[in-house]
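Here are a few exercises to work through with the viewer open. Try each task yourself before reading its solution.

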Amino acid sequence: MDWSTPRDGTYAIALGMFGMAPEAILIIDDHALFRSGIVSMLSTAFDTIPIFDSPSLHDALTLVAVVPTIILLDIQLPGISGLEGMGLLRQRWPAARIVIVSALDLPNTVDTAVAQGACAFLSKADRPDRMMTVLREILHQSAVAPPVGTILWPSLTPRQAEVLSLVGRGLSNKMIGRRLGLSEHTVRGHVQGLLAALGVTRRSEAVFKAQQLGLIR
């Protein structure tokens, strides 16, 4: 990603600085320059939301005054890798939405991340506005509390919603990739993500359920 004016050094994590914030973003990435660039960008875009960061999964799990709404997680980390540690993060912060941010956007990696509970997968080659769109959507979904007794609709990222619409038209992953300018591998990852969000295992089941919920026609 082309991060502009990254901060020098690691963003300070002061336990209790912000208290138990209703919203917070936690970045776990061992590359200090990349991490500080994300912190700088998010601090500007979300000036009322505390931004924390950690160079490893071990250090992140020692934070006691942080209750993140979103966790931006790299895969290649020292010690416990991102994929290996997703279960630990979900145990510690079960309500947090985990977004994988990695240069390893291979199909097996994307599928594994989604299967283990990631709600989105962002490539480090993506444009920054792509990340901002995904994060704003997740924060919006977390902020909206539906009335008691209402049906909870699945939480789809904007890209997953686009893919779902095209799946509903009967397009293959290859054709969807051409329409959206994505690789077939990336499309496959989005399809796996929306299947998980809808609680189904097949594309036909996803289309049927999405039609029932009024997500597509």
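**Exercise 1: the fold**

From the N terminus on, the protein chain runs β-α-β-α-β-α-β-α-β-α-α-α-α-α. This is a predicted model, in which local features need pLDDT of at least 70, side-chain atom pairs count only at pLDDT 80 or more, and totals for chains, interfaces and linings use all residues. Residues are numbered from 1 along each chain as its sequence is written, and side-chain values use heavy atoms, with hydrogens and water left out.

Task: How many helices and strands are there in the protein chain?

Solution. There are 9 helices and 5 strands. Both are DSSP runs numbered from the N terminus: helices are H or I with at least four residues, strands are E with at least two. Next, take the contacts (heavy atoms within 4.5 Å) between residues at least 6 apart in sequence: 68% of them join residues at least 24 apart.

**Exercise 2: the cores**

Task: Find the residues with the most contacts inside the largest nonpolar core.

Solution. Start with the term: a nonpolar core is a set of buried Ala, Val, Leu, Ile, Met, Phe, Trp, Tyr and Cys residues joined through side-chain atoms within 4.5 Å. Buried is under 20% relative accessible area, exposed is over 50%, and partly exposed is in between (1.4 Å probe, protein chains only). The largest core has 24 residues, and L26, I28, I71, L73, L89 and I100 have the most contacts inside it. Now see where the members sit: β1 (25-28), α2 (57-61), β3 (70-73), α3 (82-92), β4 (97-102) and α4 (107-115) each supply at least two. Another core, of 23 residues, lies apart from it and includes I51, I70, C119 and M131.

Zoom in on L26: beyond its neighbours within four places in sequence, its contacts include F52, L63, I71 and W93.

**Exercise 3: strand β5**

Task: Which residues of β5 lie on each side, and are they buried or exposed?

Solution. Side chains alternate between the two faces of the sheet in a regular strand. In β5 (residues 120-123), A120 and L122 are on one side, F121 and S123 on the other, and all are buried. Then look at the partner: β4 and β5 run parallel, joined by 4 bridges, and strands pair if DSSP finds at least two bridges between them. Opposite L122 in β5 stands V101.

**Exercise 4: N173**

Task: Why does N173 count as buried?

Solution. N173 lies in helix α7 (residues 173-180). N173 counts as buried because its relative accessibility is 14%. Leaving aside neighbours within four places in sequence, N173 is in contact with E184, V187, R188, V191 and R203.
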